[in-house]
Amino acid sequence: MSSIIGITILGTIICLLDLANAHSNSSSCKDALPITSTKFQEPHDSLERANNTEVTTDFKSWNFRPAGHERHHRRLRVIHGVVNIFGWGVLLPIGVIIARYYKRLPMKCEEWYSLHVRSEVAGFILGTVGWGLGISIRNSAEEQSTMSTHGIFGTIIFTFTTIQVLHICLQPDEENVYRKYWVIYHNFFGYALIILTIVNIFQGIEKEEPSNRWKWSYAVLVGVMGLTALVLELLPCFSMIKNKLSVSGIE
């Protein structure tokens with residue numbers, strides 16, 4: 001079980017690093033191109049037109065910020081995306097899959113709770129780092145504006161993932177009368193956060209210029225995790241049908 005999760009995480013890291021390297025290279029090529037704009041104005045007088053040509057420059061179109069700063073800003077955005085995709089977008093769903101399907105037959109694993117907590121805490125830490133980078137990028141932007149929908153969703157995700165992680169330490173005992181309400185709350189917000197996180201990641205990818213490669217790569221990751229969850233959800237049904245057929249054959 002641990003080896004399968006390790007291979008999945010390693011493959012995800014390699015995929016995300018490859019995307020980050022490709023994005024960084026494309027951004028560097030764009031930064032190498034100078035951006036200038038000139039505007040020619042000619043006097044209406046025919047005599048002055050023959051002798052003089054006035055050249056004026058549109059300084060508003062010039063970018064006085066150094067190219068190195070722009071490259072650094074883009075790298076921070078790439079790191080923000082990679083960390084959040086891997087933390088909130090991969091590790092958190094894997095933790096949910098472990099908690100739902102590996103504590104019962106036919107995929108029962110004695111270490112499911114430990115794996116679930118490790119996956120969720122690791123995803124929370126990485127996602128918090130990515131969220132902090134996103135806040136820093138917004139604050140360092142040249143034009144300060146109200147927080148975007150992507151930023152608002154990110155803050156909501158950070159808030160409720162923090163509460164979910166704290167509830168690991170605050171969960172009631174098995175014999176506690178409020179245990180069932182805690183389980184309902186924990187499960188409901190866990191599934192809601194996964195959906196909101198996936199939506200917000202796709203929304204963040206849309207902000208990047210070469211977004212198609214990132215979008216399809218993360219869509220494949222989501223598809224693999226969704227297909228895995230579907231297969232694990234149907235396994236008990238297949239086992240039940242198989243057992244019924246076996247009993248009918250014996251009779």
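From the N terminus on, the elements of this protein run α-β-α-β-α-α-α-α-α, which comes to 7 helices and 2 strands. Helices (H or I, at least four residues) and strands (E, at least two) are DSSP runs, numbered from the N terminus. Please keep in mind that this is a predicted model, in which local features need pLDDT of at least 70 and side-chain atom pairs count only at pLDDT 80 or more, while totals for chains, interfaces and linings use all residues. Residues are numbered from 1 along each chain as its sequence is written, and side-chain values use heavy atoms, with hydrogens and water left out.

Let's begin with the overall picture. Of the 251 residues in the protein, 29% are buried. Buried means under 20% relative accessible area, exposed means over 50%, and partly exposed is in between (1.4 Å probe, protein chains only). Among contacts (heavy atoms within 4.5 Å) between residues at least 6 apart in sequence, 75% join residues at least 24 apart.

Now to a pair of helices. Two packed helices are described by the angle between their axes and the distance between the axes. Here, the axes of α5 (residues 149–170) and α6 (residues 179–206) come within 10 Å and cross at roughly 150°. That makes α5 roughly antiparallel to α6. Axes are lines fitted to C-alpha atoms, for helices over the stretch in contact, and angles run from 0 to 180 degrees between N-to-C directions; those under 35 degrees count as roughly parallel, over 145 as roughly antiparallel, 65 to 115 as roughly perpendicular and the rest as oblique.

Which residues make the contact between α5 and α6? On the α5 side they include F153, I157, F160 and T161, and on the α6 side they include Y185, F189, L193 and L196. By class, this contact has 10 nonpolar, 12 polar and no charged residues. Ala, Val, Leu, Ile, Met, Phe, Trp, Tyr, Cys and Pro count as nonpolar, Asp, Glu, Lys and Arg as charged, and the others, Gly among them, as polar.

Next come the aromatic rings. A search of the whole structure finds 6 aromatic pairs. Rings of Phe, Tyr and Trp (its six-membered ring) pair if their centres lie within 6.5 Å; planes under 30 degrees apart count as stacked, over 60 as edge-to-face and the rest as tilted.

F160 lies in α5 and F189 in α6, so their pair ties together parts that are 29 residues apart in sequence. F160 is partly exposed at 28% relative accessible area, and F189 is also partly exposed, at 24%. F160, Y185, F188 and F189 form one aromatic cluster. In the other pair, W112 is partly exposed at 22%, as is Y113 at 37%.

I125, in helix α4 (residues 112–139), is partly exposed, with a relative accessible area of 47%. I125 and T161 are 36 residues apart in sequence and 9.9 Å apart in space, C-alpha to C-alpha. I198 sits in helix α6 and, leaving aside its neighbours within four places in sequence, is in contact with Y218 and V222. From I198 to A219 the separation is 21 residues in sequence and 9.4 Å in space, C-alpha to C-alpha.
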